[in-house]
Amino acid sequence: MDQTARKARPILEAASRPILPRHVKLRFDKTRDRWIILAPERVLVPDDISVEVLQLCDGVRRISDIVAVLAEKYAADPDLIQTDCLALLQDLADKAFLLTVTEPSP
Amino acid sequence: MTDQTPPVADFQLVTRAGEEGGQRTTYGIPLAVLAELTHRCPLQCPYCSNPLEMEVASKELTTAEWCSVMDELAEIGVLQIHFSGGEPTVRKDLTELVRHATKVGLYSNLITSAVMLTKARLQDLADAGLSHVQISVQGAEDGLADRVGGFKNGHAKKLEAARWTREVGLPLTINAVMHRQNLHQLPQIIDLAVALDADRLEVANVQYYGWALKNREALIPSFAQVEETNRIVAEAQDRLAGVLDIDYVVPDYYAQRPKQCMGGWGRQFFNISPAGKVLPCHAAESITGMEFDSVRGNKSIRWIWDNSEAFNTYRGTGWMPEPCESCEFKEIDFGGCRCQAHALTGSAGNTDPACAKSPLHAEIFARAATEAAEGQDRFIYRNFSGGTAEDEVS
Ligand code: SF4
Ligand code: SF4
């Protein structure tokens, strides 16, 4: 069989359109009274801002759009938000907990 | 099932709504349950973590019993269920069980040797809401892999099933249980996981209890092998960042500190055996003298988790003797593995000898090195008749 690497590391940028794959579920857990992320054999505890970011990851919005929404909501510096956003999403993408939609924008 | 490596989840997750969170929380709501549907398995891995005395098919919980167990799990706040065994696909009702898990909101993982899977069955499982498949491999090529698993053509079947898993759109983890006789194939196993488009690879060194303890002489790696493995894993983790997530379980006979077994006894996880016994860990039945409650009794799972002697005996840190009692790491590793302490010291209440502070550590380390050097490679295969030596089957 072909044993060469087929996959390349997904590198996220401001124009990427992230979305959670079917097997990664962001859910509010009433028993624990907190948001959780369910992933293969793992449970993650996102902080409040990560939850907001992930709720905006719909495969349509670009990361730059998500940043704009949050920058306006919190009247914060977009550059800072973008740095944090990219770090969070890249980390999830590296674990295959996040996909990016690659089709060109309409 | 293969050697289990529970994920280390955040301590906040065991805290109930309204309670004060913090690392000191001894236990709260269990996160995940390992559902061992059966001990039947076509493979005969010499390191199998099932107990030496396995449960026969006639004792297994029925479909209805498992469904009511899942209702209870969901109600008490369990988030994930790992369908395991033995070989869970031996159960004809697996798809039905997965569908029920989905219905009650449990995230489901299938932990399988994969030799009995077909593409149609995988599609059915995916349609029933299965979220993830973990397939074990015993080596990087047929000859060795099939010898370790004691099953002809098993390796080829696994590769086929791994491809189907991806074709039906399910994420894949490859689980490789490593020991002296297959560690040299680790680089090829890493390549294989990439080629199979797995997201994750678990490189799990054998843990020595149950069948693996019986086979320790044939499995224990040398210290040099372990150092080489550390190097290979570190290099691959770096090279494959973002391509393959590699989880690594160090062989703890050669470690300085023991692993945090099960995230702490009775703290985050538990097991349900094929006949319905509720166990703090998959090897807990190896602790002689310990009694376990069953889902077939008149107690709820919640009651068993909160109150049973099996869970409370080694929960938290209060039970600990020295050197653990006064140790700064006691809330990090919770004193290591109770089953290993029992197997190696005769008492589950002792410090795990994998810890350098255990008085038995030096002896265990030396014995491991001696056994590795002797190179006795003959396996005793796992089966329902107490094991069969390799040369008796070939
Ligand atoms: S014999 Fe091998 S495949 Fe079967 S349950 Fe045991 S470890 Fe898993
Ligand atoms: S003495 Fe006990 S608590 Fe301390 S590192 Fe060893 S096993 Fe862990």
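Me: How many residue pairs are in polar contact across the interface of chain B and chain A?
Reply: Keep in mind that this is a predicted model. For the interface of chain B and chain A, both residues of a pair have to reach pLDDT 80 or more.

Me: What is the area buried between chain B and chain A?
Reply: Carbon and sulfur atoms give 53% of that area. As for the total between chain B and chain A, the buried area is about 3,200 Å².

Me: Which residue of chain B meets the side chain of R42(A) in a salt bridge?
Reply: The rule finds two salt bridges across the interface of chain B and chain A. In one of them, R42(A) takes part, with 3.2 Å from N to O. Its partner on chain B is D247(B).

Me: Is R200(B) buried or exposed?
Reply: You'll find R200(B) in strand β6 of chain B. Leaving aside neighbours within four places in sequence, R200(B) is in contact with residues of both chains, including P40(A), E41(A), R42(A), H132(B) and D247(B). Its relative accessibility is 4%, and anything under 20% counts as buried, so the word for R200(B) is buried.

Me: Which side chain does a polar contact of 2.8 Å join to that of R200(B)?
Reply: R200(B) belongs to strand β6 of chain B. The polar contact in question is between two side chains, at 2.8 Å. The partner of R200(B) there is E202(B).

Me: D33(A) and D197(B) each have a positive phi although neither is a glycine; which of the two is buried?
Reply: D33(A), with phi of about 60°, sits in the loop between β2 (25-29) and β3 (34-39) of chain A. Its relative accessible area is 48%, so D33(A) is partly exposed. D197(B) has phi of about 65° and is found in the loop between α6 and β6 of chain B. With a relative accessible area of 14%, the buried one is D197(B).

Me: What is omega for the cis peptide bond that joins E322(B) and P323(B)?
Reply: P323(B) lies in the loop between α11 (309-313) and α12 (330-333) of chain B. A cis bond also runs from G85(B) to G86(B), with omega near 15°. For the bond joining E322(B) and P323(B), omega is about 5°.

Me: By class, how many nonpolar residues does the shell around ligand 2 have?
Reply: P323(B) turns up here as well, among the residues around ligand 2 that also include R257(B), C324(B), C327(B), F329(B) and C355(B). The shell has two polar and four charged residues. Its nonpolar residues number six.

Technical notes. Residues are numbered from 1 along each chain as its sequence is written. Chains are lettered from A and ligands numbered from 1 in the order in which they are written. This is a predicted model: local features need pLDDT of at least 70, side-chain atom pairs count only at pLDDT 80 or more; totals for chains, interfaces and linings use all residues. Side-chain values use heavy atoms; hydrogens and water are left out. Buried area is the accessible area (1.4 Å probe) that two parts lose on being put together, summed over both. A salt bridge is a side-chain nitrogen of Lys or Arg within 4 Å of a carboxyl oxygen of Asp or Glu. A polar contact is a pair of N or O atoms within 3.5 Å; within protein, one must be able to donate a hydrogen and the other to accept it, and residues adjacent in sequence count only if both atoms are side-chain atoms. A residue is near a molecule or strand if one of its heavy atoms lies within 4 Å of it. Ala, Val, Leu, Ile, Met, Phe, Trp, Tyr, Cys and Pro count as nonpolar, Asp, Glu, Lys and Arg as charged, and the others, Gly among them, as polar. Helices (H or I, at least four residues) and strands (E, at least two) are DSSP runs, numbered from the N terminus. Buried means under 20% relative accessible area, exposed over 50%, partly exposed in between (1.4 Å probe, protein chains only). Contact means heavy atoms within 4.5 Å.
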